[in-house]
Amino acid sequence: MAEPSRSPQHSQTAPEGPGRRRVLAYLLAAPTLAVGVRIGTDALDGQEAAAAVPTLPQPEELFDLGDLQNLAAAPTSGLITVQVHKDGTASFAVPRAEVGQGMTTAIAMMIAEELDLPLDKVRVELADARPELLMNQMTGGSNSMRSMYLPVRTAAAVARQRLIATAAAQWGVEASELTAADGVIRHGSTHRATYGSLAGAAASVAATAVRATAPLKSRDEFTVLGTPRNRIDALEIVTGRKKFGMDRHVPDAKPTMVRRPPTVNGTVESVHNADAVRRMPGITDVATIKHGVAVRGATFGQCIDALRALEVTWGPGTVDGESDDTVLRKLKAATLPMVVPPLLTKKIDAEFTFAFASNSPLEPDNAIADVRADRAEIWASLKVPIVAQSEIAARLGLPLKAVTVHVVEGGGSFGRHLFHDVAAEAAEISQKMGKPVKLSWSRTDNFRHGRTHPMSVSRVRATYARGNVLSYEQRHTSSQTDFGHGLGEMITSTAAKLPVAGNLTFAETIFQLSQYSPYHFGVTTQLLNEVPLKFNTGSMRNIYSPNVACARELVVDQLAAKTGKDPVAFRREFLRDKRLRAVLDKAADEGEWGASLPEGVAQGIALHAEYRGAVATLVEIDCRPETVNRKVEHGVTGPRVTKALMVVDAGFAINPRGLEAQMMGCVNDALALALTSSLHIKDGVPLEGSWDDYFYTRQWNTPPELRVVVMPSTGDKPSGAGELGVAPAFAAIACAYARATGTMPTSFPVNHGKLGFEPLPIEPSTPQSPTDGLDRAY
């Protein structure tokens with residue numbers, strides 16, 4: 001097959017590498033052209049720096065969490081395909097989840113670029129659970145763009161090559177004489193063919209492995225990638241036509257809800273009036289399940305009436321005796337000791353507490369399940385659908401191939417959809433009732449029985465002398481984080497290749513592959529210990545990093561003060577990463593670091609590098625009494641961040657507009673974690689039961705001025721970005737608060753001690769009045 005060219009000026013002498021490489025391409029059996037491609041993991045870039053007391057590279061710098069995911073996904077990367085159809089469109093069933101991060105838009109841009117196809121002719125859908133992908137169908141760790149960028153582009157490029165070769169064969173000309181643009185292939189003014197007219201002829205009747213050159217475009221040829229684009233679903237979103245899980249309809253899948261126990265993971269001992277509830281208007285079924293009593297009815301309103309009427313005796317849960325204070329005592333008792341003695345040096349010792357936090361998305365958890373005697377079909381927003389399929393099949397007693405799991409778009413996630421609790425519960429209910437169900441959790445279910453980010457304590461010791469930092473030790477202790485969603489299997493399968501020593505747990509390994517100190521602080525150690533408390537926990541956006549980085553950057557400010565240096569100058573002097581130095585300098589310049597401000601108003605700056613990306617955040621906070629004591633909803637008061645600047649280096653920015661949106665979301669998450677949002681645990685259950693109670697960032701405390709600066713790309717590949725900005729934004733807000741108040745905060749969020757609301761009833765017996773609070777619960 002003659003090699004086609006993109007255009008007369010296309011780089012025929014491009015070097016091997018991201019711009020031109022030999023790959024193993026697969027022509028898959030299909031009625032129209034379908035191309036898959038296998039690409040191995042990419043080489044890692046090292047970092048160099050020098051300082052008086054250098055710090056050795058840490059595991060995260062050598063091999064991070066994203067590298068782990070890429071390594072685990074590599075063996076099945078050839079099983080994802082770009083297809084070209086007879087109508088001239090291209091499609092791709094992406095084995096990742098779209099939960100608002102704009103991933104489908106970025107994937108469509110990759111395909112449009114390499115296929116030379118208009119963006120509006122590319123359709124990106126979410127793939128069903130595909131067990132043959134093994135560990136290549138997981139969304140998390142800001143890895144989607146890192147892992148999909150080269151495989152998707154290459155598959156699209158090979159598809160384009162195949163179309164050109166097909167046209168050349170039909171016309172009896174050399175492929176090198178053809179050009180392709182906007183979905184049309186031309187041979188001068190003599191011949192013209194659309195992709196759609198060639199798609200059938202270019203198809204393969206059998207799956208074939210062929211060696212092919214995939215001439216990927218160079219950066220200077222890009223017309224789509226790297227340009228700011230609106231989301232491909234933006235019009236559907238703003239016009240209300242966008243379909244999420246709650247909008248999906250399956251025949252006879254009737255509304256279903258669950259009455260839940262008064263404590264986390266409680267069980268049902270007896271239901272006293274099930275028959276009476278079944279006779280209520282619209283109710284079709286009542287069933288006892290693992291952690292509650294399910295009701296199915298004609299409307300959700302009828303289900304709510306039935307939930308209120310149920311009389312249930314509950315068994316104990318897994319953390320019935322636990323409250324904030326008991327958990328905190330256990331964490332402090334389990335903190336690992338420091339090892340560097342402060343001999344002949346000065347030291348800073350600090351301890352920080354981070355409360356439980358909810359990662360409830362805006363869309364309540366929901367799933368549809370249709371379970372029959374010999375098969376089951378599930379619809380839900382799932383980030384690890386393969387694990388969901390396997391565990392649901394086992395729970396139902398069905399073979400894996402009899403369970404179909406459809407991934408639907410979710411209205412947010414923040415780590416929540418790494419777990420398939422709601423899908424598994426819907427399947428259990430459908431099996432017991434023998435009917436399709438459309439299960440929705442209430443807001444109260446989400447906050448009290450959903451996944452939480454664990455409470456943690458971070459202790460830091462830094463020693464210093466004569467202007468140098470000689471050691472930095474951080475001991476992070478957390479309530480147990482559940483990683484039973486696929487990452488554990490990845491760690492097991494790649495254990496021999498990980499740069500970590502010893503028999504570490506899943507959590508400790510993930511900690512080591514995601515945490516590092518970017519400073520030359522001499523002997524540096526960061527260790528994790530977790531207390532096995534059986535809360536329902538999970539990885540909230542940015543996993544451990546927001547809490548770890550907040551503690552670190554507050555201590556860095558303290559070190560700067562102790563050594564008589566400006567916080568920016570101090571960081572610049574000790575940084576080991578040139579990318580961080582560049583974003584720091586840009587933030588200090590753009591944000592006018594050191595500007596004269598009124599008393600009680602201060603700036604804060606913080607840095608973080610992760611997922612092979614780097615961010616500096618500079619904020620300005622107003623802690624003056626008239627601001628802190630202003631009247632806002634439900635009596636919640638506090639400081640106001642008035643300005644926020646994010647400077648981000650995320651490698652090659654596929655869609656700068658999407659990257660800006662991600663950073664803005666990170667700022668809002670950080671505001672919540674630093675100032676307002678937390679769960680108060682009492683007697684085995686969170687007191688928060690609705691968005692009225694859980695004070696996530698609102699309009700009244702978002703910064704009036706929020707800017708994002710995207711740095712020029714430092715490489716040919718994207719780094720992870722979806723979670724990258726939470727940690728430095730959280731830390732910058734904390735540092736600004738310390739400078740404005742003159743006191744370093746040690747407990748987060750800073751208003752956690754102020755309850756500020758009347759908790760919803762935990763487990764009302766037979767509520768009758770709408771004033772009992774359940775109207776907010778349901």
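**Figure 1. The loop that holds Pro-749.** Pro-749 is found in the loop between strand 31 (747–748) and helix 21 (774–777), where helices (H or I, at least four residues) and strands (E, at least two) are DSSP runs numbered from the N terminus. A cis peptide bond joins Phe-748 and Pro-749, with omega at about -5 degrees. Most residues other than glycine have a negative phi, and most peptide bonds are trans. The model is predicted, so local features need pLDDT of at least 70 and side-chain atom pairs count only at pLDDT 80 or more, while totals for chains, interfaces and linings use all residues. Residues are numbered from 1 along each chain as its sequence is written, and side-chain values use heavy atoms, with hydrogens and water left out.

**Figure 2. Two residues with positive phi.** Glu-592, although not a glycine, has a positive phi of about 55 degrees, and Glu-592 lies in the loop between helix 17 (578–590) and strand 25 (601–610). Glu-592 is exposed, with a relative accessible area of 54%; here buried means under 20% relative accessible area, exposed means over 50%, and partly exposed lies in between, with a 1.4 Å probe and protein chains only. Asp-683 is another residue other than glycine with a positive phi, near 50 degrees, and Asp-683 is found in the loop between strand 28 (681–682) and strand 29 (685–686). At 47% relative accessibility, Asp-683 counts as partly exposed.

**Figure 3. The largest nonpolar core and the surroundings of Phe-521.** A nonpolar core is a set of buried Ala, Val, Leu, Ile, Met, Phe, Trp, Tyr and Cys residues joined through side-chain atoms within 4.5 Å. The largest such core has 92 residues, of which Phe-521, Leu-559, Met-663 and Ile-733 touch the most other members. Helix 20 (residues 726–741) gives the most to this core, with eleven residues. Apart from this core lies another, of 56 residues, among them Phe-92, Tyr-149, Ala-168 and Ile-185. Leaving aside neighbours within four places in sequence, Phe-521 is in contact with residues including Val-53, Thr-55, Tyr-472, Leu-559 and Phe-574, contact meaning heavy atoms within 4.5 Å.

**Figure 4. The salt bridge between Asp-116 and Lys-217.** A salt bridge is a side-chain nitrogen of Lys or Arg within 4 Å of a carboxyl oxygen of Asp or Glu, and a search of the whole structure finds 42 of them. In this view the side chains of Asp-116 and Lys-217 meet in a salt bridge, 2.8 Å from N to O. Asp-116 lies in the loop between helix 3 (103–115) and strand 5 (122–126) and Lys-217 in the loop between strand 9 (208–214) and helix 6, so the pair ties together parts that are 101 residues apart in sequence. Asp-116 counts as buried at 14% relative accessibility, and Lys-217 is buried with a relative accessible area of 7%.

**Figure 5. Further salt bridges.** Asp-252 forms a salt bridge with Arg-296, and the closest N and O atoms are 3.7 Å apart. Asp-252 lies in the loop between helix 6 and strand 10 (254–259), whereas Arg-296 lies in strand 13 (residues 292–297), so this pair ties together parts that are 44 residues apart in sequence. Asp-252 is partly exposed, with a relative accessible area of 47%, while Arg-296 counts as buried at 2% relative accessibility. Arg-571 forms a salt bridge with Asp-557, the closest N and O atoms being 2.8 Å apart; Arg-571 lies in helix 16 (residues 567–574) and Asp-557 in helix 15 (residues 545–562), so the pair ties together parts that are 14 residues apart in sequence. Both Arg-571 and Asp-557 are buried. A network of salt bridges links Glu-98, Arg-231, Asp-233, Lys-242 and Glu-409.

**Figure 6. The loop that holds Asn-273.** Asn-273 lies in the loop between strand 11 (267–271) and helix 7 (274–278), and at 14% relative accessibility Asn-273 counts as buried. Leaving aside neighbours within four places in sequence, Asn-273 is in contact with Ala-309, Leu-310 and Glu-311.

Figure 7. The structure holds zero disulfides, a disulfide being a pair of cysteine sulfur atoms within 2.5 Å.
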